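Subject: Structure handover

Hello,

Here is the structure I said I would pass on. My notes on what was found in it follow below.

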Amino acid sequence: MTKKVDAAAATVDDGLTSIDAKLASAKREVLVQIVKLAQKRGMSGENGVWKEFLNSIERFGATHSDPARRSPADLLAFLRTFKEESDLKFFARVMQCYSSHDIAKKLLQSQGTESPEQRLVQLTIEHSSYPTDFTFPSYEEGWLVTKLRAKGKRKRSEAVIAVDCEMVLCEDGTEALVKICVVDRELQVKLHEFVNPKKAVADYRTSITGVSANDLDGVTLSLEDIQKSMKKLLSHGTILVGHGLSNDMKALKIDHPKVIDTSYIFKYGGDSMRRRPSLVNLCKAVLGYEVRKKGEPHNCLDDACAAMKLVLAKIEKGFDDDLPLVVEEAVCVPEEDMPKLFIQGIPIDMKSEDLHKVIPGVYTLDQKMLKNGKSRNYSILAIFENQQEALEAYDNINGQERGDSRGRLQKAVPVKLSSGITETIYVHKPVCGGDVDQATTKKRLLEISIETRTSEAEVTEKSKSEMNSCVDHVEEIERLTNQLIQRDREISDLHKIIAALTRKHGL
């Protein structure tokens with residue numbers, strides 16, 4: 001018995017040594033991110049949480065608590081205070097995520113003959129939206145992070161598979177995978193399955209997904225089963241292809257470094273890369289056919305095949321010039337009837353081009369910004385040509401979705417300013433004049449604007465009385481913001497409980 005205990009202790013010690021060595025050799029930016037994640041999760045080492053640790057090593061208290069402003073020695077010292085196996089496993093997962101992506105980038109930067117497939121991977125990674133779209137919380141439980149070895153043939157593999165997924169909206173406010181299709185270079189189907197979301201579905205989005213409740217009757221295949229299949233398909237350094245691929249990867253909970261996004265590698269002639277063409281438009285302009293008729297739901301098989309065909313067309317026609325894309329003739333729609341995203345809490349020094357990096361899609365910004373006197377924030381409308389584009393843009397935004405103070409869905413999106421400060425803007429679910437009358441639309445926007453001004457006024461008033469330095473000012477705003485977020489979450493949870501009880505009792 002004593003030998004078994006000793007062996008177990010030795011195993012733990014080996015694990016500690018291994019993690020410690022990896023942390024010691026990690027880049028500074030990786031250490032910063034691990035500490036920030038530890039802060040966010042409230043993780044506590046032998047000397048307490050991050051701020052308690054800083055107070056323990058500095059005689060007069062911590063002068064700077066932002067991990068980005070601390071030395072690598074301080075960051076490493078804090079991480080070495082963690083001894084629990086669960087904490088060490090978490091650190092290992094974070095480092096694994098960074099390691100795979102770092103190897104992929106080094107591979108693309110290396111000298112020598114480069115295949116067309118590798119060039120498309122590089123085009124994707126170099127796109128301005130890549131850091132935002134393809135940064136996943138893959139350190140969390142339930143995610144599959146594929147490993148890419150620094151040496152060997154698999155890192156230079158030219159094998160490609162294309163994927164397309166359909167997701168439904170669940171009652172807990174999250175999205176869940178319900179259908180997937182994967183094809184290879186020859187358009188042979190490698191995977192085509194319905195998936196049991198394992199949670200209550202609020203909206204099947206049948207008009208878009210083509211999936212109904214009846215389609216899932218008797219389906220037992222889970223997300224974990226799909227991940228196992230995908231792991232085999234990607235195990236040899238295979239390149240993953242898709243259109244708006246980051247959405248599929250989020251649904252699959254898969255972090256894979258070798259990707260080609262067809263919405264990144266084509267662009268409208270003379271336009272910037274931020275204006276992404278739709279799959280429908282690409283198929284018409286590049287492949288010469290309609291992937292689906294107007295109003296028809298998506299088809300996983302058709303969309304996966306279309307993405308693969310687009311990659312093969314790009315390889316065949318070369319990289320010197322962008323393929324000419326003809327923008328479809330737009331139907332003249334009055335501006336008041338066009339769908340909109342309402343964006344609030346935008347820092348006054350944030351430029352419109354920076355907004356385009358945060359909010360994907362093709363849209364115009366209403367120049368009639370809603371400002372509040374001397375406030376340092378403003379609100380604005382992003383106007384889209386149709387409801388589907390507005391919804392897709394909202395779905396593609398990398399932010400946490402929750403209800404506002406009145407239960408309306410919005411996403412909280414962190415943005416880093418040129419000053420280095422990170423602030424949060426809020427993007428509300430699309431408002432479409434075709435769905436509600438204009439008086440209602442204007443009233444809703446006015447209500448949101450008033451709520452924004454009220455919140456800003458409260459923060460400003462509290463700031464004047466309690467903050468004596470710039471650092472304290474920022475920390476107080478963060479504290480108040482967290483309180484507001486918590487309140488919104490509580491209200492949203494109450495709405496869900498009321499809705500569930502209403503359905504249960506048939507009211």
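In these notes, a contact means heavy atoms within 4.5 Å. Please keep in mind throughout that this is a predicted model.

Overall picture

The secondary structure of the chain comes to 17 helices and 15 strands. Of its 507 residues, 43% count as buried. Taking contacts between residues at least 6 apart in sequence, 66% join residues at least 24 apart.

Asp303

Asp303 sits in helix α13, which covers residues 300-317. Leaving aside residues up to four places away in sequence, Asp303 touches Asp164, Leu279, Val291, Arg292 and His298. Is Asp303 buried or exposed? Its relative accessible area is 5%, and buried means under 20%, so Asp303 is buried.

Cysteines

How many disulfides are there? The count comes to zero. For Cys300, the closest cysteine sulfur is in Cys181, at 6.3 Å, which is too far for a bond because a disulfide needs the two sulfur atoms within 2.5 Å. Cys300 counts as buried, at 1% relative accessibility. Cys170 is buried as well, with a relative accessible area of 2%.

Helix α6 runs over residues 116-126, and its buried residues include Glu117, Gln118, Leu120, Val121, Thr124 and Ile125. Those residues lie on the same side of α6, because they cover an arc of only 160 degrees around the axis. His127 is in the loop between α6 and α7, the latter being residues 130-133. With a relative accessible area of 3%, His127 is buried. In sequence, His127 and Ile265 are 138 residues apart, yet their C-alpha atoms are 8.4 Å apart in space.

Helix α3

Leu54 belongs to helix α3, residues 50-57. The relative accessibility of Leu54 is 0%, so Leu54 counts as buried.

Helix α10

How much of helix α10 is covered? The helix, residues 245-252, is mostly covered, with seven of its eight residues buried. The buried ones are Leu245, Ser246, Asn247, Asp248, Met249, Ala251 and Leu252. Just after α10 comes Lys253, which takes a positive phi of about 55 degrees.

Cavities

Rolling a probe the size of a water molecule over the atoms shows where empty space is left. A search of the whole structure finds two cavities of 30 Å³ or more. The second largest cavity holds about 40 Å³ of space. Which residues line the second largest cavity? They are Asp133, Gly244, Ser246, Asn247, Arg276, Pro360 and Asn396. By class, that lining has one nonpolar, four polar and two charged residues. Two of the names, Ser246 and Asn247, are in the lining and also among the buried residues of α10.

Regards

How values were computed. Residues are numbered from 1 along each chain as its sequence is written. This is a predicted model: local features need pLDDT of at least 70, side-chain atom pairs count only at pLDDT 80 or more; totals for chains, interfaces and linings use all residues. Side-chain values use heavy atoms; hydrogens and water are left out. Helices (H or I, at least four residues) and strands (E, at least two) are DSSP runs, numbered from the N terminus. Buried means under 20% relative accessible area, exposed over 50%, partly exposed in between (1.4 Å probe, protein chains only). On a 1 Å grid over the protein atoms alone, a cavity is a set of points where a 1.4 Å probe fits but cannot get out, and a pocket is an open set with protein on both sides within 12 Å along at least five of seven lines; lining residues have an atom within 4 Å of a point. Grid points are joined across faces, edges and corners, and a volume is the space filled by probe spheres set on the points. Ala, Val, Leu, Ile, Met, Phe, Trp, Tyr, Cys and Pro count as nonpolar, Asp, Glu, Lys and Arg as charged, and the others, Gly among them, as polar. The arc is that of the directions from the helix axis to the C-beta atoms.
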